[in-house]
Amino acid sequence: MTDTIAAPPRFIAYVPLTDLTPAPRNPKRHELELLIDAIRMHGLVEVPVVDERTKCVLHGHGRREALIEMQARGMALPGGVVLDEDAGWLVPVLRGWFSKSDADAEALAIKLNRLPGEGGWDPREFAEVLEDLATGDPELFDSLAIPADEMDKLFSQVDPETLPGGLREDEPPTLHLPDNGNHTDGLSPDDDGRAAHTACPACGHTFNTGR
């Protein structure tokens, strides 16, 4: 068993929601209703990060705003958040990181928002997961709020008939990647004549998107 660190350099502490101070500058925009819906469904999982030098929120401004709005609307206490003796909301935050300067803090804040999405998605595995969610739990699938054009782009890259349950699921996956732009419909040359997929031929499920 690993010994407990007496003074860990990073730790979770519960602080009053009203004590979370936003950074002076935060260029990141947020889809507040989507954040509220995610926290309502799953609880607060990704906790805000506080800069110990400035005592301001470094990462998690959207979650802070969502929690403030949820409390103002009288919504149920989300998972991961607890009440203090005055019924105020106590929020878990990651503590222990000190910025070297304002520039250092702002650079890291941008990286924490940008870098997780830079790798993109594996089209085939993403399509498989979406198919499972759409057929197994439509409410969870709808909560992803993936726009219809993104779904069209995804299914134009993957042959749905090679997904589990498809007619050719034992064949190697075929990716229809975009070409040099000569095809305005978003399909690659070997897709000529085929419509972009918004319904999965493997099971016939129609993906309802566009929220």
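Glu52 is buried, with a relative accessible area of 7%, where buried denotes under 20% relative accessible area, exposed over 50%, and partly exposed in between (1.4 Å probe, protein chains only). The side chain of Glu52 meets that of Lys55 in a salt bridge, with an N to O distance of 3.2 Å; a salt bridge is defined as a side-chain nitrogen of Lys or Arg within 4 Å of a carboxyl oxygen of Asp or Glu.

The structure is a predicted model, in which local features need pLDDT of at least 70 and side-chain atom pairs count only at pLDDT 80 or more, whereas totals for chains, interfaces and linings use all residues. Residues are numbered from 1 along each chain as its sequence is written, and side-chain values use heavy atoms, with hydrogens and water left out. The mean pLDDT (the predictor's confidence in each residue, from 0 to 100) is 82 for the protein, and 73% of the residues score at least 70. Over residues 174-197 the pLDDT stays under 50, and the model has 33 contacts beyond four places in sequence for this segment, a contact being heavy atoms within 4.5 Å.

The secondary structure comprises six helices and five strands, taken as DSSP runs numbered from the N terminus (helices: H or I, at least four residues; strands: E, at least two). Along the sequence, these elements follow the pattern β-α-β-β-α-β-β-α-α-α-α. Of the 211 residues in the protein, 34% are buried. Among contacts between residues at least 6 apart in sequence, 67% join residues at least 24 apart.

Strand β5 (residues 89-97) is mostly covered, with eight of its nine residues buried. Pairing of two strands requires that DSSP find at least two bridges between them. Strand β1 (residues 11-16) pairs with β5 in the antiparallel sense over six bridges, and Ala13 has Val93 as its bridge partner in β5. Strands β2 and β5 run parallel and are joined by two bridges; Val49 stands opposite Leu94 in β5. Strand β4 (residues 82-83) pairs with β5 in the antiparallel sense over two bridges, with Val82 opposite Leu90.

The hairpin of β4 and β5 has five residues between the strands, and within it Ala87 takes a positive phi near 70°. Ala87 is partly exposed, with a relative accessible area of 49%. A positive phi near 55° is also found at Ala145, a residue other than glycine, which is placed in the loop between α5 (138-143) and α6 (148-157). Ala145 is buried, with a relative accessible area of 14%. Most residues other than glycine have a negative phi. In α6, the buried residues are Met151, Leu154, Phe155, Ser156 and Gln157, and their cover includes α4 (123-136) and α5.

Charged side chains were examined next. The structure holds nine salt bridges, one of which joins Glu106 and Arg25 at 2.8 Å, N to O. This pair links distant parts of the chain, 81 residues apart, with Glu106 in helix α3 (residues 102-118) and Arg25 in the loop between β1 and α1. Glu106 is partly exposed at 29% relative accessibility, whereas Arg25 is exposed at 60%. Glu69 forms a further salt bridge with Arg73, the closest N and O atoms being 2.9 Å apart. Salt bridges with shared partners join Glu33, Glu69 and Arg73 into one network. Both Glu69, at 28% relative accessibility, and Arg73, at 40%, are partly exposed.

Arg63, located in helix α2 (residues 61-72), is buried yet has no salt bridge; Glu46, the nearest side chain of opposite charge, is 4.0 Å away. For this assignment Lys and Arg count as positive and Asp and Glu as negative, while His and the chain ends are not counted. Not counting residues up to four places away in sequence, Arg63 touches Leu35, Ile39, Leu44, Glu46, Val47 and Pro48. Glu46 is found in the loop between α1 (32-42) and β2 (49-51) and is partly exposed at 48% relative accessibility. Beyond its neighbours within four places in sequence, Glu46 is in contact with His59 and Arg63. The side chains of Glu46 and His59 make a polar contact at 3.5 Å, a polar contact being a pair of N or O atoms within 3.5 Å, of which, within protein, one must be able to donate a hydrogen and the other to accept it, and for which residues adjacent in sequence count only if both atoms are side-chain atoms. The C-alpha atoms of Glu46 and Val93 are separated by 9.0 Å, the two residues being 47 apart along the chain.
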